[in-house]
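Let's take a walk through this structure, one piece at a time. Have a look at it first.

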Amino acid sequence: MLDARGYSCPTPVIMVQKAVKNGAPGTLEVAVDNQCSLENVTRFARNAGYAVEVSDLDGDFKLTLTK
C-alpha cells in the first residue's frame, strides 16, 4: 500500500509514477486524503493503462490500480 495521505498534488501522482516506473506492478493500492489527489492519481493511472477502483474510507480514499 502506497500511503500518500497528507501530501498535496502533485506529490501523490509523483509517488505513484515512481512506484509504476520502478516495478510496474500488476496491482497497486494507494491511499489519498483529498479530492484533488484522488482525481489526479486516477487520471494518471488510467492514462498509464490501469483500471481504477475507488473506496471511500471515512474521508480518505483507497485507490486500487489494476493492470
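## A tucked-away serine

(Buried means under 20% relative accessible area, exposed means over 50%, and partly exposed is in between, using a 1.4 Å probe and protein chains only.) You'll find Ser37 in helix 2, residues 35–47. Helices here are DSSP runs of H or I with at least four residues, strands are runs of E with at least two, and both are numbered from the N terminus. Leaving out residues up to four places away in sequence, Ser37 touches Tyr7, Cys9, Pro12 and Val32, where contact means heavy atoms within 4.5 Å.

A quick word on the model: it is predicted, so local features need pLDDT of at least 70 and side-chain atom pairs count only at pLDDT 80 or more, while totals for chains, interfaces and linings use all residues. Residues are numbered from 1 along each chain as its sequence is written, and side-chain values use heavy atoms, with hydrogens and water left out.

In helix 1, Pro12, Val13, Val16 and Val20 are buried. They sit on the same side of the helix because they cover an arc of only 100° around the axis, going by the directions from the helix axis to the C-beta atoms. The buried residues pack against strand 1, strand 2, helix 2 and strand 4. Turned away from that side are the exposed Lys18, Lys21 and Asn22.

## Cysteines without a bond

There are zero disulfides in the whole structure; a disulfide is a pair of cysteine sulfur atoms within 2.5 Å. The sulfur of Cys9 has its closest cysteine sulfur in Cys36, 4.0 Å away, so that's too far for a bond. Cys9 is partly exposed at 25% relative accessibility, and Cys36 is partly exposed at 42%.
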